Amino acid sequence: MADRVTRTQEQEASPLEALRRADEDLRLPAVTPPAAYPIDTLVPQVRQQTPAVGQRATRSDGRLHGLGQTKYIDDLSFPGMLYARIKRAGIASARIKRIDTSAAEAMPGVMAVLTGREIPVNSFGATFQDQPLLADERVFHAGDGVAAVAAVTEQIAVDALDKIKVEYEPLPAVFDPLKALQDDAHQVHAPNSNIYASKTIRKGDVDKGFAEADRIFEGRFRTQMVEHVSLEPHAAIADWDPNGRLTVWSTLGRITLGRADLARTLKLPMNRIRMIGTIVGGNFGGKNEITQEPVLALLSRKTGRPVKGVFTRGEEFLCTTTRHPFIMDYKTGVTRDGRILARKVRLVLDGGAYCSFSETTIGKACILASGPYKIENLLVEAFAVYTNKTVAGAMRGFGAPQVCFAYESQMDDIAAALGMDPLDIRLLNAFDEGSTSPTGQVLQSVVVKQSLAKAAERFGWKEQVQ
């Protein structure tokens, strides 16, 4: 009898034990086979494709973009949110004699009006703090803001701008960067000179190089102002919490720099400001600096409600930064066989009304102005000047595309005049391994000639030019 009871208990326990073991097996983590350490890191050969190149990869945000469900700033809304618009000067150079906002303030639906005199520190800039958030004494270009409105609808805010009356005293203006260089030119930021940044690079003896040259070529090249035209315009939302802390949603690509600018212009500790960088619908360098963020913050503080501001396409062209227009004078001395002996370059950057990133741009342009070519005798002089035009700032390349257009255009001109193949003159003068840059850097991993030769081979260059 006892044996029968024992067997029965074992039979009953067996399924339970089996289930318990199965459950434990499911819960145990997957264990990889033991490996001996250290594991040798696999390093791809230099200039060889990595395994990821040419493979399909899924972007984490691709599905949202494809379905149109990505949330940009203009898709965000908060309870009680107001809408802001900024009145633009519409005049390139003037003194502000009077601003009358009373009619706008009296409009139904207008919750607040702001002028430059109410901004704690009314200046900002990436290099020099020479740009007002809202002009309060002087207007330096047509896109300067002079007053801002927050209203319950965007249309009411637009209508309120027409009610703001501004009395100007027109002043002389300068629009040509070459005229801005002259001693008798109108000074945009008087009494300061219109030349606010300059760079010079000297290498060898250009006069000696020109004296030894068989041919000398001179040319002037110009590039125009270029707007980024991002699909999404500049946009931001500002809101304060009951503890006096500011939160700003912004399309800025450099939110740390924007947070520092907000702290300075609002006279707030940085730990009282939270910047949220939203998904950006295009930047290309044009959203590196604050524009309306401090204005929205002050309107929000005046009203106690969140405030949104979205630029119109017209404002994008009128009052956001553009690519720098350049005027570039090139003088190049060569031998009969096309070898460059000397090059002299003069660059004039039209920075518009304020500095922005001009000092960075002029430095990069100066270094790259001679091109990827071995030139023992070189002189590059560059000047950034103020004009009463839309501000020039960061855009992809920071001065490199402009000078590249100039020196490659002149290389084609020289090749044509000497009866040379444009490819051959570049292969003759291009950097080699160990060549020295205009600033004295010894270059390594140089494959300019190999890249040109490979591109020419794949394109069938020799067959095309025959």
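Which residue in β5 is the bridge partner of alanine 84? The answer is alanine 150, and that pair is a handy way into this predicted model. The protein has 466 residues, and buried residues make up 47% of them. Its secondary structure comes to 14 helices and 15 strands.

- Let's start with the strands: 7 of them form an open sheet with mixed pairing, in the order β3-β5-β1-β12-β9-β10-β11.
- At the edges sit β3 (110–115) and β11 (273–277), each of which pairs on one side only.
- On average, neighbouring strands of this sheet are turned by 20° against each other, with direction ignored.
- Back to the opening pair: β1 covers residues 82–88 and β5 covers residues 145–151, and these two strands pair in the antiparallel sense over 6 bridges.

**Helices on the sheet**

- Helix α4 (residues 154–163) packs on the sheet, where it touches β1, β3, β5 and β12 (307–310).
- The direction of α4 makes about 25° with that of β1.
- Helix α7 (residues 255–266) also packs on the sheet, touching β10 (246–250) and β11.
- Between the directions of α7 and β11 the angle is about 145°.

**A closer look at threonine 303**

- You will find threonine 303 in helix α8, which spans residues 293–303.
- Is threonine 303 buried or exposed? Its relative accessibility is 19%, so threonine 303 counts as buried, the cut-off being under 20%.
- Setting aside neighbours within four places in sequence, threonine 303 is in contact with Leu82, Met111 and Ala112.
- Threonine 303 and alanine 151 are 152 residues apart along the chain, and their C-alpha atoms are separated by 9.7 Å.
- For the protein as a whole, among contacts between residues at least 6 apart in sequence, 80% join residues at least 24 apart.

**Enclosed space**

- The largest cavity holds about 260 Å³ of space.
- Of the 24 residues that line the largest cavity, the closest to its centre are Phe124, Gln131, Ile290, Thr291 and Cys319.
- By type, the lining of the largest cavity divides into 10 nonpolar, 11 polar and 3 charged residues.

Definitions and conventions: Residues numbered from 1 in each chain as written. Predicted model: local features only at pLDDT ≥ 70, side-chain atom pairs only at ≥ 80, totals over all residues. Heavy atoms only, no water. 1 Å grid on protein atoms, 1.4 Å probe; cavity = no way out; pocket = protein on both sides within 12 Å on 5 of 7 lines; lining within 4 Å. Points joined across faces, edges and corners; volume = space filled by probe spheres on them. Nonpolar A, V, L, I, M, F, W, Y, C, P; charged D, E, K, R; others polar. Pairing = 2+ DSSP bridges. Helix = DSSP H or I, 4+ residues; strand = E, 2+ residues; numbered from the N terminus. Axes fitted to C-alpha atoms, helices over the stretch in contact; angles between N-to-C directions. Contact = heavy atoms within 4.5 Å. Buried < 20%, exposed > 50% of the residue type's maximum accessible area, 1.4 Å probe, protein only.
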